[in-house]
Amino acid sequence: MAYNITINGTLRSVDVDGDTPLLWVLRDVLGMTGTKFGCGMALCGACTVHLDGSAVRSCITTIDSVGDSKITTIEAVGSTAAGAKIQKAWLQHEVAQCGYCQSGQIMSASALLAGNAHPTDADIDDAMSGNICRCGTYVRIREAIKLAAQSPAREG
Amino acid sequence: MIHHRIAPTASYADLSRRNFLVNSAMAGGGLILSFSLPFGEGKAVSAESFAPNAFIRIGTDGQVVLTMPYVEMGQGTYTSIPMLIAEELEVALKQVRLEHAPPNEKLYANPLLGVQATGNSNAIRGAWKPLREAGATARIMLISAAAKRWGVEIASCRADDGEVIHTPSGRHLRYGELAAEAAQMPVPKDVVLKRPEEFKLIGTPAKRLDAAGKVNGTAVYGIDVRPPGVKIATLVQSPVFGGRLKSVDDSAARAIRGVRQIVRLDDAVAVVADHMGAAKKGLEALKIEWDEGLHAVLSTQDIARELEQATLKAGAVAQKIGDAEKAMADAATRVEASYHLPFLAHATMEPMNCTVHFRGSECEIWVGTQAIARVQAMAAKAAGLPVEKVVIHNHLIGGGFGRRLEADGAVRAVEIAKQVDGPVKVVWTREEDIQHDMYRPYWVDHIAAGLDKDGKPVAWVNRFAGSSVIARWLPPAFKDGLDPDTTEGAIDLVYELPNFHVEYVRVEPPGIPTAFWRSVGPSHNVFVTESFIDELAAAAKQDALAYRRALLDHNPRAKAVLDLAAEKAEWGAPLPKGRGRGIALQHAFGSYLAQIAEVEVAKDGSVRVHRVVCAMDCGTVVNPDTVQAQIQSGVMFGVTAALYGEITLKNGRVEQTNFDTYQILRMNEAPAVEVHVVKSAEPPGGMGEAGTSGIVPAIGNAVFAATGRRLRRMPIDTGALKA
C-alpha cells in the first residue's frame with residue numbers, strides 16, 4: 001500500500017509493503033543514497049537517520065512504523081543547528097577517510113549534540129558506540145564532537 | 001566553501017578523445033601532457049619500456065584536470081597525489097579537478113606492482129618522482145609559451161598560483177590563456193625538481209579534496225549508482241566453497257511484491273527486485289538445496305594441522321645470512337615457539353556490490369575497485385566479450401583493505417546481468433560479504449633462536465607455511481617458491497642477526513579463498529618476529545626495549561623511532577597492577593615504525609588497549625595530516641584483529657555472519673593514539689598499512705608484560721588470560 005512520509009520537510013508517497021525497511025525506501029525507491037547500508041541488523045549504524053530528532057537505524061525501521069514522524073537524513077541534517085555544527089567540525093578535524101560510515105556517524109553525533117549541548121566522553125561513548133568505522137576514525141570523531149559542542153550556537 | 005567535484009571515470013570515448021587531442025597537438029585548445037613512470041623502483045629502464053602513465057589536462061578555461069592512477073579508499077591519495085603534481089605545476093589544490101583513471105595497464109600501471117592497482121601502500125612511493133616531474137614539465141612548457149608570446153627570456157619568467165609572471169614587468173597570464181600555445185612547446189628532456197626547502201605544499205597539512213561530499217551525503221560510492229531503470233539484486237552463494245546449486249524452489253519468492261526475477265547460476269542464486277528490501281525478502285523465501293561438494297566437512301582445525309605439518313618440511317629459502325645451523329648448535333640457550341594467525345575477513349563498511357548493464361555485444365559496469373584493469377579483464381571473460389567492449393566507471397571506495405583488489409564481485413554481477421534485461425545492481429548482504437570474502441591467509445610459523453651466554457641472539461631460524469596470494473594474483477612475481485609480499489617482515493629484519501635462516505612453505509588451503517588484507521605480508525610476519533624478539537628478551541631476562549636497542553647499532557633510523565616511542569610512552573614508568581606496555585618495531589612498506597601499546601588485562605581476561613604511542617620515520621612527509629590519520633586508522637584496524645579477528649570454518653562453512661559474530665572495534669573501546677613523526681629528507685615510505693602490522697604484536701607483548709602469559713595465537717583468547 002502507499003505510505004505518506006515526511007522526509008526532510010517534504011511529504012513523499014511510496015508504494016511498498018509495510019514491512020519494507022525505511023533504508024531501502026530512501027536509497028532504492030527515492031534515490032536518496034546518502035544514507036548507507038552496512039549490516040541490515042542495526043549492528044553498525046551506517047543507516048542512521050533521525051525520526052523526530054532521535055537517531056534510529058533505518059535498516060530495521062519498517063515503513064509502516066514511521067507514521068507522522070518527521071524523518072531527517074544526511075542530505076538535510078545540515079539545516080539543523082546541531083547538524084551544521086557537526087558537519088563543520090567534521091571538516092575541520094578531517095574526520096572522514098573512506099567516508100562510507102560517516103553519514104551514520106554524523107547523524108548519531110547530531111542527535112547527541114541536539115539533546116546534550118556538552119557531552120562528556122561517556123556520553124559520546126554511549127551515543128556513538130553503535131556506529132562502526134572500519135577506518136577507525138574514532139579519535140577524530142570524538143575530537144570533532146567536542147569541537148562542535150564548543151562552537152557558538154549561532155554559527156550553524 | 002571550496003567545491004571539488006570528483007568526476008566519474010572517463011569513458012573510452014573520453015579517453016579516445018584525449019588521445020586524439022594529444023595526437024593532433026591540441027585541436028581542442030589546451031595542454032595535455034602525458035608522462036612516464038618507470039617500471040620498477042630505482043632501476044634503469046630502457047627507453048622502449050617507458051610508457052605514458054597519467055595525464056595533466058589544462059583547458060583553455062584554466063581548469064586543471066588530474067587523472068588519478070590510484071583510487072581513493074580513505075587513505076588520502078586523492079589529496080597527496082595532487083599535492084605532488086601541484087607542487088611543481090605551481091597551482092593551488094583548489095584549482096584542480098580530479099578524475100578516476102580508466103582501465104589501462106599501459107598508462108596507469110602502478111610502477112611498484114607492474115599492474116594498475118592501488119595497494120601495498122605504494123602510491124606515494126611510486127609516484128614521488130615521476131608525478132613531480134610531470135608537474136615540472138608542464139610548468140616549463142607554460143613558462144616557455146608565455147616567454148614566446150611576450151618575446152622575453154624564459155629565465156625572466158616564473159610560475160605562481162596558476163599563472164606565469166614576467167618578473168621585470170609584472171605582466172602575467174593565466175595557465176588557461178597559455179594552454180593552446182604551451183601544447184606547441186617542445187617537451188623539456190630534463191627537469192630540475194624543487195629542493196625540499198622550496199616546497200610550498202609538500203609537508204604542509206592539506207585539507208582532503210574528497211571531504212565535503214563525505215559529510216553531506218553527496219559522495220558517490222559504487223553502491224550508490226542508479227543508472228535509469230536499474231533493478232536491485234542480492235544473492236546467496238553456495239555456503240560451502242566449491243559447492244553447486246542442486247535445486248531451488250522459488251515459488252514463495254516470486255510471489256513477493258517487488259520481486260521481478262530469480263537468477264540461477266551454477267553455484268549461486270540471485271533475486272532481482274525493485275528494491276533491496278524486496279530482494280532480501282525474496283532471498284529469505286527461497287528453498288535451496290546445494291550439492292556441497294568436496295569441502296562439506298572441512299574445518300579450520302584441518303587446515304591448521306596441514307600447515308603445522310608443512311612447517312616440518314623444507315621450504316624455499318627466503319633469506320640466509322651466516323650459518324644459523326652451526327650457530328644454533330653452539331648457542332648457550334635455545335628458544336623455540338610456534339605461532340598461529342587466523343583467517344580474517346575484510347568487512348569493508350560498504351558491502352560488496354557491482355552494477356552491470358549487459359547489452360549483448362557490450363557491457364557497462366559501475367563499481368568501486370582498487371584494480372580496475374583486473375576487473376575489466378575478468379568481467380570481459382565472464383561476459384564473453386573483448387575487453388574493449390567492457391566500459392568501467394570507477395567510484396569512491398567504501399573501504400578497500402585489499403578486498404577490492406579482487407574481481408569476484410564484478411564477475412558475479414556480470415553472470416547475473418547476462419540473464420537480466422536492463423541494468424542490475426548486485427548488492428551483497430553483510431552475511432554474504434563476510435561468508436564469501438577472500439580471506440587473509442591462515443599462517444603457522446615455527447621459529448627458533450639460539451642465544452649466547454649474554455642472551456644475545458646468535459642464531460635465528462624461521463619456517464612458515466601458508467597461502468601465497470601473489471602466486472594467484474600476480475603469478476609472474478611468484479618465483480622459486482617465493483614472493484616479495486609473503487616474506488616481507490620475515491626477512492631483512494631491523495635487528496643485527498648474524499646467523500639467520502628463513503624458509504617459506506607454500507600451502508594453499510582447500511575450500512577457502514585467500515587474498516590480500518591490510519598490511520599484507522607484514523600483518524603476519526611482524527606479529528611473529530616482534531613477538532618472538534620479545535620472547536628472546538624475556539628468556540635473556542632483559543628489558544624489552546634495551547634488548548632491541550642493543551641490536552640496532554647499525555640501523556639509526558630504526559633506533560631513532562624506537563627511542564622516540566619509548567620516550568613519549570614513558571617506557572619504564574610504573575603502571576598500575578594488571579597493566580603492561582609492549583613494543584613493536586618494524587621496517588615495512590618503506591617506513592620505520594615503533595609502536596608501544598599500553599593495555600589492561602581484567603580479572604575476566606578481557607583486554608583493553610588504553611594508549612598507543614607511535615613513532616614514525618616515513619621519509620619525506622607529503623601530507624602530515626594523512627600520516628597522522630593513516631597511523632590512527634591502521635592502529636584501530638589492528639586492535640580489532642588482536643581482540644576479535646577470526647574467521648573459522650565448520651562443515652566447510654564460514655561460521656561468522658555479521659558484526660555480532662565478526663566484531664569490529666567500537667568508539668567505547670578505541671585507544672588514545674599518539675603519532676610522532678621523525679623529520680626526514682629520505683624518499684617517502686608507505687603509510688596506509690604500517691600501523692596495522694605493528695600494533696598486534698605490541699598488544700601481545702603488553703599482555704605478556706601485564707600477565708606473564710605469551711600470546712602465540714590471535715585473536716586474544718580471553719579465557720586463557722583469566723586471573
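Of the 156 residues in chain A, buried ones make up 58%. Keep in mind that this is a predicted model.

Taking contacts between residues at least 6 apart, 62% of them join residues at least 24 apart.

Next, the secondary structure. Chain A has five helices and five strands. Starting at the N terminus, the order is β-β-α-β-β-β-α-α-α-α. The radius of gyration is 15 Å, and the globule rule for 156 residues also gives 15 Å, so chain A is as compact as a globular protein of that length. Along the principal axes, the C-alpha atoms of chain A fill a box of roughly 45 × 35 × 25 Å.

Now to chain B, and one helix pair. Helix 15 of chain B covers residues 520-539, and helix 19 of chain B covers residues 690-707. Their axes come within 8 Å and cross at roughly 30°. An angle under 35 degrees counts as roughly parallel, so helix 15 of chain B is roughly parallel to helix 19 of chain B. The crossing of the two is right-handed.

Which residues of helix 15 of chain B make the contact? They are B:Pro522, B:Ser523, B:Val526, B:Phe527, B:Glu530, B:Ser531 and B:Asp534. Helix 19 of chain B contributes B:Thr692, B:Ser693, B:Gly694, B:Val696, B:Pro697, B:Gly700, B:Asn701 and B:Phe704. Sorted by class, this contact between helix 15 and helix 19 of chain B has six nonpolar, seven polar and two charged residues.

Definitions and conventions. Residues numbered from 1 in each chain as written. Chains lettered and ligands numbered in written order. Predicted model: local features only at pLDDT ≥ 70, side-chain atom pairs only at ≥ 80, totals over all residues. Helix = DSSP H or I, 4+ residues; strand = E, 2+ residues; numbered from the N terminus. Rg over C-alpha atoms; globule rule 2.2 N^0.38 Å. Buried ≥ 20, exposed ≤ 12 C-beta atoms within 10 Å, placed from the backbone. Contact = placed C-beta atoms within 7 Å. Axes fitted to C-alpha atoms, helices over the stretch in contact; angles between N-to-C directions. Parallel < 35°, antiparallel > 145°, perpendicular 65-115°, else oblique. Left-handed = near helix turned anticlockwise from the far one by under 90°. Nonpolar A, V, L, I, M, F, W, Y, C, P; charged D, E, K, R; others polar.
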